[in-house]
Amino acid sequence: MKLSELGRLEAPGPLYKMAQHQFLKAAKLMDLDPNIGNFLLWPQRSLVVHFPVVMDDGRVEIFEGYRVQHNTARGPAKGGIRYHPETNLDEVSSLAFWMTWKCAVVNLPYGGGKGGVRVDPSKLSEKELEKLSRRFFSEIQMLVGPTKDIPAPDVNTNAKIMAWYMDTYSMNSGNTTLGVVTGKPLDLGGSEGRPEATGRGVSITAAEACKAKGIDISKATVAIQGFGNVGSFSAKILSEEYGAKIVAVSDVSGGLYNEDGFDINDLIRYRNENGGVIKGYPKGKAISNEELLTLDVDILVPAALENAITGNIAKDVKAKIIVEGANGPTTEEAEEILIEKDVLIVPDILANAGGVTVSYFEWVQDLQSFFWDIEDIRKKLHKIMTKSFGEVYATKQKYNTDMRTAAYIVAIGRVAEAVKKRGYFPM
Ligand SMILES: NC(=O)C1=CN([C@@H]2O[C@H](COP(=O)(O)OP(=O)(O)OC[C@H]3O[C@@H](n4cnc5c(N)ncnc54)[C@H](OP(=O)(O)O)[C@@H]3O)[C@@H](O)[C@H]2O)C=CC1
Ligand SMILES: O=C(O)CCC(=O)C(=O)O
């Protein structure tokens with residue numbers, strides 16, 4: 001059978017289909033065995049759960065949640081859990097799919113998984129959030145475990161929620177199991193450097209991309225969409241450690257522009273004191289998220305949600321480098337336009353892999369009950385990110401292709417090797 005003769009092309013939805021197209025582009029270039037290709041195109045396991053939560057006013061609300069394991073050939077599934085009112089099986093399946101390739105591109109001994117609950121957490125009280133988190137984790141306990149599937153934070157989830165997950169799993173199983181989730185608080189088996197890790201990985205790969213493009217990062221201008229975990233740490237590290245000038249930032253409430261560059265610590269302080277929102281910060285001019293994406297900057301970091309850079313926006317993008325802090329921020333149509341315009345895209349599965357890499361360090365530390373210091377973590381992360389960037393860039397040159405396809409080629413090669421050596425198919 002040829003890869004083009006797929007038995008089943010109905011994906012869970014449009015996002016998953018886009019992810020499959022990215023995979024197929026690489027699979028064809030590397031002439032992947034069709035049996036392996038057809039297998040890797042689909043999630044290995046998907047669990048959809050519905051569960052009740054008694055709200056503070058006595059009403060019972062039913063929530064829908066998901067945990068998808070795309071592939072576990074190289075090790076336990078790994079990937080975050082997101083809380084968002086619009087998340088769905090299509091989105092979570094796509095995110096799980098990308099986790100498989102992300103873990104493989106940085107050569108971690110993991111497969112890919114992801115989870116989500118359809119909820120707007122800003123509308124819940126602290127007590128409701130805790131009840132929802134504990135009940136959801138109990139509902140997916142049949143899939144998770146330190147040697148099976150290890151969740152972590154993603155959009156709208158954090159260390160506090162990871163602690164509740166860990167405690168719920170431990171209560172249900174009768175022993176304290178630190179290694180069941182990562183991104184936990186430091187005094188509960190968390191790792192130094194995990195909160196900053198994704199932003200640090202974004203910054204390291206941005207610096208490598210600048211070298212490849214002949215841009216001096218200490219003179220570079222940067223626009224960042226999204227000012228949560230990934231966006232704010234990318235801004236802080238790029239400005240403080242690499243000397244780049246962050247001229248635009250945004251969150252869901254809109255964007256801010258300052259041609260002299262923002263003082264990121266002051267902006268973080270404002271966000272924290274202002275209910276998590278940057279709107280109204282006095283030292284910047286208000287701009288829309290769309291304006292931010294098309295600013296004349298050297299580096300653009302989308303660090304919010306999927307499909308932010310559409311074809312229409314791509315036509316007006318002026319950045320020379322895009323570093324995808326978010327998962328899936330560039331649509332297929334946009335990517336074609338950007339490649340045509342010679343924009344260097346550092347794809348999500350490479351650019352934001354710093355988070356899962358330090359999650360891996362956390363898991364290793366939990367399993368061995370021996371913890372490392374921040375210098376160790378940063379050094380090891382830097383080594384993995386620069387090596388991975390180099391491997392992907394060399395593959396791009398070898399196959400004369402774009403960075404995303406090159407990253408897939410590296411990752412698929414590693415997963416295919418595991419599939420073959422485990423003996424999934426007669427060879
Ligand atoms: N956390 C991690 O370690 C990792 C995260 N990622 C990916 O990075 C992205 C961001 O995740 P993370 O930082 O953790 O999430 P957070 O919840 O911490 O932050 C998300 C940010 O995006 C903003 N945002 C949401 N929607 C929009 C929008 N339509 N336009 C502009 N801004 C918007 C939010 O604004 P507001 O607060 O106002 O809602 C917030 O500032 C996601 O794609 C995630 O999957 C990837 C790898 C690891
Ligand atoms: O830290 C992790 O395990 C996974 C983070 C994540 O969900 C992601 O990289 O998209």
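**Figure 1. K114, an annotated residue in a predicted model.** In an unreviewed UniProt entry, the annotation "active site" covers K114. The structure shown is a predicted model. K114 sits in strand β4, which spans residues 111–118.

Figure 2. Is K114 buried or exposed? K114 counts as buried because 31 other C-beta atoms lie within 10 Å, and the cut-off for burial is 20 or more. Which residues touch K114, once its neighbours within four places in sequence are left aside? The contacts are V68, G79, G80, V92, L95, A96 and M99.

**Figure 3. The residues around ligand 1.** The shell around ligand 1 holds 27 residues. Those that come nearest are G226, G228, D251, A326 and G355. By type, the shell divides into 15 polar, 10 nonpolar and two charged residues.

**Figure 4. Where the shell of ligand 1 comes from.** Two domains take part: domain 1 (43–174) and domain 2 (196–341) each give at least three residues to the shell around ligand 1. Helix α7 (229–240) and strand β7 (245–251) each supply at least two. Which element gives the largest share? That is α7, with three residues.

**Figure 5. Confidence in the prediction.** The protein chain has an average pLDDT of 96. A score of at least 70 is reached by 97% of the residues. For the complex, the predictor gives an ipTM of 0.99 and a pTM of 0.97. Where pLDDT is low, predicted coordinates should not be read in detail.

Conventions:
Residues are numbered from 1 along each chain as its sequence is written. Chains are lettered from A and ligands numbered from 1 in the order in which they are written. This is a predicted model: local features need pLDDT of at least 70, side-chain atom pairs count only at pLDDT 80 or more; totals for chains, interfaces and linings use all residues. A residue is near a molecule or strand if its C-beta atom, placed from the backbone, lies within 6 Å of it. Helices (H or I, at least four residues) and strands (E, at least two) are DSSP runs, numbered from the N terminus. Ala, Val, Leu, Ile, Met, Phe, Trp, Tyr, Cys and Pro count as nonpolar, Asp, Glu, Lys and Arg as charged, and the others, Gly among them, as polar. Domain bounds come from an automatic or database domain assignment. pLDDT is the predictor's confidence in each residue, from 0 to 100. UniProt positions are given in the numbering used here, feature names are shortened, and annotations may be inferred rather than shown by experiment. A residue is buried if 20 or more other C-beta atoms lie within 10 Å of its own, exposed if 12 or fewer, and partly exposed in between; C-beta atoms are placed from the backbone. Two residues are in contact if their C-beta atoms, placed from the backbone, lie within 7 Å.
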